[in-house]
Amino acid sequence: MTNDIERVLISQQEIEAQVARVGRRISEDFRDRNPIFVGVLKGCFIFMADLMRHVDIRCTMDFMAVSSYAGTSSTGAVKINKDLGQDIEGRHVIIVEDILDSGVTLSYLKGYLLNRRPASISIAALLDKPARRRSDIVADYSCFEVPDAFVVGYGLDYNEQYRNLPYIGVLKPDIYS
Ligand code: PRP
């Protein structure tokens, strides 16, 4: 598996430090607000698990599953495969995503959840790739800005592989071309 990686873009140590920083900031910003963290599966699973261990306030968690990608490029269509199991009316919602890329997924999701009249919606993304943005959505909390390279690991996949790498790596082009 590691032979398919061209280079390590973000090390385990760097991820750990930034995730801890974002967890502390969210804790300060949402103290006494009992936010609900909504993880977007599957990419969020490692980031969310680590992030939550740095959030020291009362909060709840739920998950959604959406899909928008086939292979390497966005189809532009977002499908809800698993919805929330609870009402979010009046709640402070924090969407947890692995990557904000074109922004298609999060724009759709934000609109979808806003219809349920939450008190607020914020976005926490591990990675932000602004070069590829197609909508004007921004992350309220992000750990790293990344260049327009094919990144995998720490939850991010290519055709469902590489999610278990403990770092963020750049995939060798011959793997996906
Ligand atoms: C990835 C990622 C985001 C989305 C970001 O999900 O987890 O949800 O793409 O891309 P966008 O900003 O261009 O919309 P994917 O559909 O690959 O599913 P996964 O989380 O199961 O890997």
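**Close-up views of the ligand shell and its strands**

**View 1. Strand S5, helix H3 and strand S6 form a right-handed β-α-β unit.** The crossover is called right-handed because, with the strands pointing away from the viewer, the path from the first strand over the helix to the second runs clockwise. Helices (H or I, at least four residues) and strands (E, at least two) are DSSP runs, numbered from the N terminus. The model is predicted, so local features need pLDDT of at least 70 and side-chain atom pairs count only at pLDDT 80 or more, whereas totals for chains, interfaces and linings use all residues. Residues are numbered from 1 along each chain as its sequence is written, and side-chain values use heavy atoms, with hydrogens and water left out.

**View 2. Strand S5 pairs in the parallel sense with S2 and with S6.** Two strands are taken to pair if DSSP finds at least two bridges between them. Strand S2 (residues 36-41) is joined to S5 over four bridges, and Phe-37 stands opposite Ile-94 of S5. Between S5 and S6 (residues 120-128) there are eight bridges, and Leu-100 has Asp-128 in S6 as its bridge partner. Nine of the nine residues of S5 are buried, that is, under 20% relative accessible area (1.4 Å probe, protein chains only).

**View 3. Polar atoms of Glu-97, Asp-98 and Gly-103 face oxygen atoms of the ligand.** A polar side-chain atom of Glu-97 lies 2.5 Å from a ligand oxygen, and a polar side-chain atom of Asp-98 also lies 2.5 Å from an oxygen atom of the ligand. For Gly-103 a polar backbone atom is involved, at 2.7 Å from a ligand oxygen. Taken alone, the ligand exposes 500 Å², of which the protein buries 92%; the areas come from the Shrake-Rupley method with a 1.4 Å probe.

**View 4. The shell around the ligand holds 15 residues.** Glu-97, Asp-98, Ser-102, Gly-103 and Thr-105 come nearest, where near means that a heavy atom of the residue lies within 4 Å of the molecule. By class, the shell has four nonpolar, five polar and six charged residues, with Gly counted among the polar ones and Asp, Glu, Lys and Arg as charged. S5 gives the most to this shell, with three residues.

View 5. S8 and S9 (residues 168-171) are paired in the antiparallel sense over two bridges, and Val-152 has Gly-169 in S9 as its bridge partner.

Methods. A polar contact is a pair of N or O atoms within 3.5 Å; within protein, one must be able to donate a hydrogen and the other to accept it, and residues adjacent in sequence count only if both atoms are side-chain atoms. Buried means under 20% relative accessible area, exposed over 50%, partly exposed in between (1.4 Å probe, protein chains only).
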